[in-house]
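Okay, thanks for coming, everyone.

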Amino acid sequence: MNHWKKLFLSLITACLILPVTSISAATEEPTGGKALVPVREIAKKNGAEVSWQQKTGQITISKNDLTIVVKVGEKQAIVNGQVVPLDNPVQLTKGVTYLDGAFLTEVLKEAPEDIFISLVRAGDGKEAAGYVHHSVSKVLSPTLLSQLWTSLEGQFGEITSEPLAKQIKNNTVHHNVTYTFKTERTSLNITVRMNHNGLVDDLYIAAATPDVYQKPGYDDPSSYTEQDITIGHGEFALPGTLTLPKGDGPFPVVILVHGSGPNNQDVAIGGAKPFRDLAVGLASQGVAVLRYDKVTYEHTYKVASQPKFTLKQESVDHVTEAVQLLKKNTQIDSTAIYVAGHSQGGFALPLIIAEDQQHDIAGSILLAAPSSSFVDVLTEQQDELVDRVKQLGLDTEVFKAQADFYKNVAAIVKDPKYSVDHLPDAFPLQPAYWWYEQRDYVPSELAKTQHIPMLIMQGENDVQVSMKQFQSWKSALQGHSNVTYKSYPKVNHILSSYDGLSIGQEYMQPSNVSKAIIDDIAKWVLN
């Protein structure tokens, strides 16, 4: 089989979900040419179904998301709508249809991620671990994989035996296969991240929610292009997107830094994708934007295997690598590289600036960014939520219990008898090291010592980072003449305008970043 056909088959094979079965060599060759195999026999061994239309001579082989259509006498097959040339025409001999053995072997070959997920479902962690790359083998151990399915059922309820859907999405780092399962309480997405060697490199597990996001009115696809890029290298490389304005560059650029939690490059939450909105909105006004999947999203279990994982590793290091990448891009103005941090990303921005030893960053943009220590913000956030729930006349019991839990966490972190060298034995929010290594970090205090231009933006309807934090930035930086402040009366934490009193429930509804925020960022950057 020639090279390009082999390449095509290897690509489509990566998208299949079929059990592996070795093909017997004991099949006749009707024409005496290359080995042909009986279609129905081989399909049956692989759990596929075959239908035959006598009038047309068309044979359809189907299993899960794979459909192969061939026709007697033709020297091609249609695989999921794509034409694939065959070395021999399909033949009918003594009532048996024969097809290229090499082709059928490749197409019906089972993908390793399918074998892996089947073994995990069966609780066979020892066999499943054989499909795991060494970089994550310590955490995706035989013991964990043996218990994973039972653990998920304990959290989400009994899981159906077969996936409702299988979705494939490749990026520059992983071949991602997401299996959606129905549970007693919800639907569950299990994403198996495969590396380029065909081994399991990580997992991402989350409740499946419908994608109700709607593109904003300011999204003009004719005004920008998008390129897939990779931030960093090695086992923690991250896939991303560079959104470029149409026209002749070089362009100023904004690097987007995520808030807390394992966020993808769009920061998809409910009905919102604020980083996507910022990217297309700013690019439409002549400002390039670089966004990427967060390390805790793309490498979830690998991060979990590191007991001394830090805020620097989470939110700082990849920005440094992104800056170096952009400096080499001829379409980017290397003197106009800006960094915009949302929530925890803004909290980390003074650390990012401190890391910028070559002064490559021209300015920083803080979006709903805490100015106080992390535990102080956490406590304030919980009090603000309870107060707003009470204002809305809702039952505060559950919210008060949640507030008490986080206040207890804050108290343990502040306890002077604990430190990075003496962690509590049973800290309620792991990893404990992450909390203690940044315990004394106050972003506004570090920012006092820096003199980079800053744009600080805050929604006045934000339940997670209140206006108290915005005022603290003003107080801390009152002697800095190159800081611009903007606040927006109706804007909530995900940067969208909301008429009601925000308590976060509105995040599930379709929304977009306020155009006023995008306009103000573009104006500040371009000026």
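Predicted model: local features only at pLDDT ≥ 70, side-chain atom pairs only at ≥ 80, totals over all residues.

**A walk through the chain**

Let's start at W52, which sits in strand β2, residues 49-53.

Let me zoom out for a second. The chain has 18 helices and 20 strands. Along the principal axes, its C-alpha atoms fill a box of roughly 90 × 55 × 45 Å. Of the 527 residues, 51% are buried.

Now for a helix that is mostly covered: α7, residues 274-283. How many of its ten residues are buried? Ten of the ten.

Hold on to R276, please. Which residue does R276 form a salt bridge with? The partner is D219, and the closest N and O atoms are 3.0 Å apart. This pair links distant parts of the chain, with R276 in helix α7 and D219 in the loop between β12 (200-207) and β13 (224-231), 57 residues apart. As for cover, R276 is buried at 12% relative accessible area, and D219 is buried too, at 10%.

On to other charged pairs. In general, side chains of opposite charge can pair when their charged atoms come close. E355 and K312 meet through their side chains in one of them, at 3.7 Å from N to O. Here again the pair links distant parts of the chain: E355 is in helix α12 and K312 is in helix α10, residues 311-327, and they are 43 residues apart. E355 counts as partly exposed at 31% relative accessibility, and K312 counts as partly exposed at 37%.

Then there's K414 with D376, a salt bridge at 2.6 Å, N to O. K414 lies in helix α14 and D376 lies in helix α13, so this pair ties together parts that are 38 residues apart in sequence. There's also a network to point out: salt bridges with shared partners join E226, D266 and R291. Back to the pair, K414 is partly exposed at 47% relative accessibility, and D376 is partly exposed at 32%.

At what angle do α13 and α14 pack? The angle is about 165 degrees, and the axes are 9 Å apart. Because that angle is over 145 degrees, α13 runs roughly antiparallel to α14. The crossing of α13 and α14 is left-handed.

As background, most residues other than glycine have a negative phi, and most peptide bonds are trans. So where are the cis bonds I want to show you? One joins G249 to P250, with omega near 0 degrees. P250 is in the loop between β14 (238-245) and β15 (251-257). Another cis bond joins Q430 and P431, with omega about 0 degrees. P431 is also a loop residue, between α14 (397-414) and α15 (432-437).

While we're around β14, have a look at G240, which lies in that strand. G240 is buried, with a relative accessible area of 4%. From G240 to V254 is 14 residues in sequence and 13 Å in space, C-alpha to C-alpha.

And then the positive phi values. N80 has a phi near 50 degrees, and N80 is not a glycine. You'll find N80 in the loop between β5 (76-79) and β6 (82-85), and the residue is partly exposed at 39% relative accessible area. H359 is another non-glycine with a positive phi, of about 55 degrees. H359 lies in the loop between α12 (349-355) and β18 (361-367). Is H359 buried or exposed? H359 counts as exposed, because its relative accessibility is 68% and the cut-off for exposed is over 50%.

That's my tour, so over to you for comments.

Terms used: Residues numbered from 1 in each chain as written. Heavy atoms only, no water. Helix = DSSP H or I, 4+ residues; strand = E, 2+ residues; numbered from the N terminus. Buried < 20%, exposed > 50% of the residue type's maximum accessible area, 1.4 Å probe, protein only. Axes fitted to C-alpha atoms, helices over the stretch in contact; angles between N-to-C directions. Parallel < 35°, antiparallel > 145°, perpendicular 65-115°, else oblique. Left-handed = near helix turned anticlockwise from the far one by under 90°. Salt bridge = Lys/Arg side-chain N within 4 Å of Asp/Glu carboxyl O.
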